[in-house]
Amino acid sequence: LDQTFAFISNMGTNPHAESDNSKKKGDSDSRTSEYFFECTLEVFFMQLGDELYSAALDKVANFCFNNLLTQQEANLGVLLTAITDVDPKAAVHKFLPLCLRILLESATPVSTPTMSGRTPMSGRTSGGGVVAPSPPKEPKKPPSSSYVSPAKDDEDPEDAGEAGDGLGLLGQRREAYKLAVLSDSEFIYYLAIIRFVALAAGAHVLPFKEQLAAVIDLGLKVEERPGVISRRVFKAANQLTRALIHSLLSYRPHEYRSVPEEVWRDPTWRRTHYKSWGRVVSLRETKIEWRAPTKEGLQWASDLSARYLHSPMRTLREFMTGLRV
């Protein structure tokens, strides 16, 4: 893992400009490298036992939250998606609560001391290891408007998740949120962490759907200056929406281990498990189990589509109709 962290931290730190031809070659090479990097991580994490996986998850979380790797997003995404594939529930509960606590604040005034910064560690780094400054105490721009989880006017707040557009959490009272004071780069970084975890998590993100809807809604309204929507944050919020819908609708293999689970759990085999790493078996011997979409996940994917995709698609169709005329 330390070598993986060093590889990710050193990516994208070359200050020298490249010609167009070398860029094209670099893009092709980087795609190949990323593919092998992803395969290596998938094999590595899948072969870990429960205790080692838990330790690896803690170590990856510390790496993500102690650094601000804005220039290494793609490779960080490979790492996060690979480790989430092994145990989506554990990964979701490791990363999402902290990301959401950094991004969101309650819009209801409470008598608690004011925090000077929202990022967990003041000594985080950005790019190639340069220490990033702490967030300013005063916002650079006015905070976005607050978000209230939707519900009908005559609805009991306890049933907010069962009515309206379905974005409320079941059995929880509606809560108003507002964005924390963060720079655009910080906001995009934590949205990216959520997105990469969500890509492999499927329905395991549902316990956090109210907060995720708040992050998306408020992210689409972030202004880089008064009256001008931030295109970077707007794009990041839409990428998260797309990742959530894709994950909620997708089938994924339950695991990628090189032996069946009953063999994997055998104490005798585990003493020499390394002998089976990368073992190739015929299709007849495979016992593939799938993580299928759930009814609740399909419903929320439909709600997300109705909330964020129908209006843009209607606008696009009207635009295309005007062109044909």
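Tutor: Helices (H or I, at least four residues) and strands (E, at least two) are DSSP runs, numbered from the N terminus. The model is a predicted one, in which local features need pLDDT of at least 70 and side-chain atom pairs count only at pLDDT 80 or more, while totals for chains, interfaces and linings use all residues. Residues are numbered from 1 along each chain as its sequence is written, and side-chain values use heavy atoms, with hydrogens and water left out.

Student: In which helix does R231 lie, and is R231 buried or exposed?
Tutor: Buried means under 20% relative accessible area, exposed over 50%, and partly exposed in between (1.4 Å probe, protein chains only). R231 has a relative accessible area of 73%, so R231 is exposed. The helix that holds R231 is α8.

Student: How many helices and strands does the chain have?
Tutor: The count rests on the DSSP runs described above. The chain has 325 residues, of which 40% count as buried. Its secondary structure amounts to twelve helices and ten strands.

Student: Among contacts between residues at least 6 apart in sequence, what percentage join residues at least 24 apart?
Tutor: A contact means heavy atoms within 4.5 Å. For the contacts in question, the share joining residues at least 24 apart is 79%.

Student: Which residues of the largest nonpolar core touch the most other members?
Tutor: A nonpolar core is a set of buried Ala, Val, Leu, Ile, Met, Phe, Trp, Tyr and Cys residues joined through side-chain atoms within 4.5 Å. The largest one has 72 residues, and the members touching the most others are F95 and V205. Helix α6 (residues 184-201) gives the most to this core, its contribution being twelve residues. Leaving aside residues up to four places away in sequence, F95 touches L57, V60, A61, C64, F65, L80, I193 and V197.

Student: What accessible area does the nonpolar surface patch containing F319 have?
Tutor: Patches are made of residues with over 30% relative accessible area and no salt bridge, with like charges joined within 9 Å and nonpolar side chains (Val, Leu, Ile, Met, Phe, Trp, Tyr) within 5 Å. Accessible areas come from the Shrake-Rupley method with a 1.4 Å probe, and for residues only the protein chains shown count as cover. F319 belongs to helix α12 (residues 310-324). Together with L309, M313, L316, M320 and L323, F319 forms a patch of about 580 Å².

Student: How many salt bridges does the structure hold?
Tutor: Side chains of opposite charge can pair when their charged atoms come close. A salt bridge is a side-chain nitrogen of Lys or Arg within 4 Å of a carboxyl oxygen of Asp or Glu. The number in the structure is five.

Student: How many residues apart in sequence are the parts that D58 and K94 tie together?
Tutor: The side chains of D58 and K94 form a salt bridge with an N to O distance of 2.5 Å. D58 lies in helix α3 (residues 50-65) and K94 in helix α5 (residues 88-103), so the pair ties together parts separated in sequence by 36 residues.

Student: Why does L220 count as buried, and which residues does L220 touch?
Tutor: L220 lies in the loop between α7 (209-219) and β7 (223-225). Its relative accessibility is 19%, and therefore L220 counts as buried. The C-alpha atoms of L220 and R231 are separated by 8.8 Å, the two residues being eleven apart along the chain. Not counting residues up to four places away in sequence, L220 touches I229, F234, A237, N238 and Y308.

Student: Which backbone oxygen does the side chain of S250 reach?
Tutor: S250 is in the loop between α8 (231-249) and β9 (252-253). S250 is buried, with 17% relative accessible area, and S250 touches R291 and P293, not counting residues up to four places away in sequence. At 2.4 Å, the side chain of S250 reaches the backbone oxygen of H246.

Key. A polar contact is a pair of N or O atoms within 3.5 Å; within protein, one must be able to donate a hydrogen and the other to accept it, and residues adjacent in sequence count only if both atoms are side-chain atoms.
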